[in-house]
Amino acid sequence: AASLAAAGFEVLHRPAFNVGYVGFNQAKPPLDNIKIRQAIAYALNREALVSAKYPEGAQVATQFQPPELFGWSADVPQYDYDPDMARQLIAESGVTDLTLEFYYPSDVSRPYMPDPTANFEAFKADLEAVGFTIVPKTAPWRSGYLDDVDAGNAQIYLLGWTGDFGDPDNFVGTFFRTPQVAWGFENQEIFDALTTARDTADTAERTALYEEANKLIMEFLPGVPYVHTQPALAFAANVTGYVPSPVSLESFATVSLG
């Protein structure tokens, strides 16, 4: 973005309407152990990754929906980078086999994951530093990777989501309102909370319900959200009136030249 601006382009940013996350498949031990999930969360230096590898406007995620949406909660459990806490939780877990298969895509760039290999390498180093053994697993995005994740073959994996419309159900509901093999868990409390929130008409009530649901989700920790991004858009200097769409629905009705 900085180089485009220096070249005379006007650079705008879409609102942060996406999330990148490390997903856990709890059907594959030891991810069924909450202390192991927490240990992974504390081991990942999300701040360092976002600072080093993401463009202007990226922010560290604390939950699976972006703060632009109602129902985002400032009161979710925090998992700040703390390798010592990660080691303590591993010891408390009783788990002795710390081998994890870590899946990442090989041939794709997404707004929430512009360089999957760099993300994998950074997180691999973080996890190995606290005692995990990481077995890399990679495949092309549409020729094996998504199939593996969707089929529940991946143990831990890099994935994300860009919202289709401005409702929390399109984020946390998509992920956690029903059982899914990619996540490999049954948590009726979360399923019911998200169904109730989706079906409630009053916006203020829905907001409170989603705030509570986001706390439940991050306490249960089905994965580690780590980034929201603001993708850049570049225009010639004589283009005015464009309003960035959070969901890439481009409208040029307000655009003028000159």
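Colleague: Leaving aside its neighbours within four places in sequence, which residues is Asp32 in contact with?
Modeller: Keep in mind that this is a predicted model. Asp32 is in contact with Gln26 and Arg37, once you leave aside neighbours within four places in sequence.

Colleague: Where does Asp32 lie?
Modeller: Look in the loop between S2 and H2. That is where you find Asp32.

Colleague: And why does Asp32 count as partly exposed?
Modeller: Its relative accessibility is 48%. Exposed needs over 50% and buried needs under 20%, so Asp32 counts as partly exposed.

Colleague: How far apart are Asp32 and Phe185?
Modeller: In sequence, 153 residues. In space, 8.2 Å from C-alpha to C-alpha.

Colleague: Back to Arg37. What does its charged end sit over?
Modeller: The ring of Phe220. The charged end is 4.9 Å from the ring centre. Phe220 also belongs to an aromatic cluster.

Colleague: Which residues form that cluster?
Modeller: Tyr21, Phe64, Tyr157, Trp161, Phe175, Phe176, Trp183, Phe185, Phe191 and Phe220.

Colleague: How many aromatic pairs does the structure hold?
Modeller: It holds 21. Take Tyr42 and Tyr79 as one of them. Their ring centres are 5.4 Å apart and their planes are at 65°, so the pair is edge-to-face. Tyr42 lies in helix H2, and Tyr79 in the loop between helix H3 and H4, so the pair ties together parts that are 37 residues apart in sequence.

Colleague: Are Tyr42 and Tyr79 buried or exposed?
Modeller: Both are buried.

Colleague: What about Phe64 and Trp183, how are their rings placed?
Modeller: The ring centres are 6.0 Å apart and the planes are at 85°, so this pair is edge-to-face. It links distant parts of the chain, 119 residues apart. Phe64 is in the loop between H3 and H4, and Trp183 is in the loop between helix H7 and helix H8. Both residues are buried.

Colleague: New topic: helix H4. Which of its residues are buried?
Modeller: H4 covers residues 83–93. The buried ones are Pro83, Ala86, Leu89, Ile90 and Ser93. Seen down the axis of H4, they fall within an arc of 120°, so they line one face of the helix.

Colleague: What do the buried residues of H4 pack against?
Modeller: Helix H2, residues 34–43. On the other side of H4, Asp84 and Ala91 are exposed.

Colleague: What follows H4?
Modeller: Gly94. Its phi is positive, near 80°.

Colleague: Now the sheet. In what order do the strands come?
Modeller: The order is S4-S3-S5-S2-S6. That is an open sheet of five strands with mixed pairing. The edge strands are S4 and S6, and each pairs on one side only. Neighbouring strands are turned by 30° against each other on average, direction ignored.

Colleague: In what sense do S3 and S4 pair?
Modeller: Parallel, over seven bridges. To find the spot, look for Tyr103, which stands opposite Lys137 in S4.

Colleague: Last one. Which strands does helix H5 lie across?
Modeller: S2, S3, S4, S5 and S6. H5 spans residues 116–129 and runs at about 165° to S3.

Terms used
Residues are numbered from 1 along each chain as its sequence is written. This is a predicted model: local features need pLDDT of at least 70, side-chain atom pairs count only at pLDDT 80 or more; totals for chains, interfaces and linings use all residues. Side-chain values use heavy atoms; hydrogens and water are left out. Two strands pair if DSSP finds at least two bridges between them. Helices (H or I, at least four residues) and strands (E, at least two) are DSSP runs, numbered from the N terminus. Axes are lines fitted to C-alpha atoms, for helices over the stretch in contact, and angles run from 0 to 180 degrees between N-to-C directions. Contact means heavy atoms within 4.5 Å. Buried means under 20% relative accessible area, exposed over 50%, partly exposed in between (1.4 Å probe, protein chains only). The arc is that of the directions from the helix axis to the C-beta atoms. Rings of Phe, Tyr and Trp (its six-membered ring) pair if their centres lie within 6.5 Å; planes under 30 degrees apart count as stacked, over 60 as edge-to-face and the rest as tilted. A charge sits over a ring if NZ of Lys or CZ of Arg is within 6 Å of the ring centre and within 35 degrees of the ring normal.
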